[in-house]
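Biologist: I would like to learn how to read a model like this one. Where do we start?

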Amino acid sequence: TTTTPLQQLFALNSEWMMVQAEHFHRRVAQSASDDAERIDQAYLWLLGRQPTAQEKQRLLNYLSSRTSHRGDSREVVWLELLHSLLCLNEVM
């Protein structure tokens, strides 16, 4: 769900948003040693709250499936995950 279609197109396709995701990735990567803690920290910084159990499990499943089944690097998968979190209406 978006406020306007153009908002989501900008968020998904903007080089500026990708750069923000890269900066955020560096910050999150340094904040904790495991994926669950990093997800908690990302939610806290972005949304001012902890993820629900369902949100956290979905993100952990995403991280696991992308790295084990497709062989994508952890960094690429984390960048995509954080980029998608930055695009949430709750953030905007």
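**A buried aspartate**

Modeller: At 18% relative accessibility, aspartate 35 counts as buried, because buried means under 20%. Keep in mind that this is a predicted model.

Biologist: Where is aspartate 35 found?

Modeller: Aspartate 35 sits in helix H3.

Biologist: With which side chain does the side chain of aspartate 35 make a polar contact?

Modeller: The partner is the side chain of tryptophan 78, at 3.2 Å.

Biologist: Which residues is aspartate 35 in contact with, leaving aside neighbours within four places in sequence?

Modeller: Leu60, Leu63, Arg74 and Trp78.

Biologist: Let us step back to the fold. How many helices and strands does the protein have?

Modeller: There are 5 helices and 0 strands. The order from the N terminus is α-α-α-α-α. Of the 92 residues, 34% count as buried.

Biologist: What share of the contacts between residues at least 6 apart in sequence join residues at least 24 apart?

Modeller: That share is 51%.

Biologist: Now the core. How should I read it?

Modeller: In soluble globular proteins, nonpolar side chains tend to be buried together. Here the largest nonpolar core has 13 residues. Trp78, Leu81, Leu82 and Leu85 have the most contacts inside this core. Helices H2 (15–31), H3 (35–47), H4 (53–68) and H5 (74–86) each supply at least two of its residues.

Biologist: Which helix gives the most to this core?

Modeller: H5 does, with 5 residues. Several H5 residues are buried, including Val77, Trp78, Leu79 and Leu81. Further along H5, Leu82, His83, Leu85 and Leu86 are buried too.

Biologist: What does leucine 85 touch, not counting residues up to four places away in sequence?

Modeller: Leucine 85 touches Ala42, Tyr43, Leu46, Leu59 and Val91.

Biologist: Which helix supplies the largest share of the lining?

Modeller: H4 does, with 4 residues. H4 and H5 each supply at least two residues of that lining.

Definitions and conventions: Residues numbered from 1 in each chain as written. Predicted model: local features only at pLDDT ≥ 70, side-chain atom pairs only at ≥ 80, totals over all residues. Heavy atoms only, no water. Core = buried A, V, L, I, M, F, W, Y, C linked by side-chain atoms within 4.5 Å. Buried < 20%, exposed > 50% of the residue type's maximum accessible area, 1.4 Å probe, protein only. Contact = heavy atoms within 4.5 Å. Polar contact = N/O pair within 3.5 Å; in protein donor to acceptor, adjacent residues only side chain to side chain.
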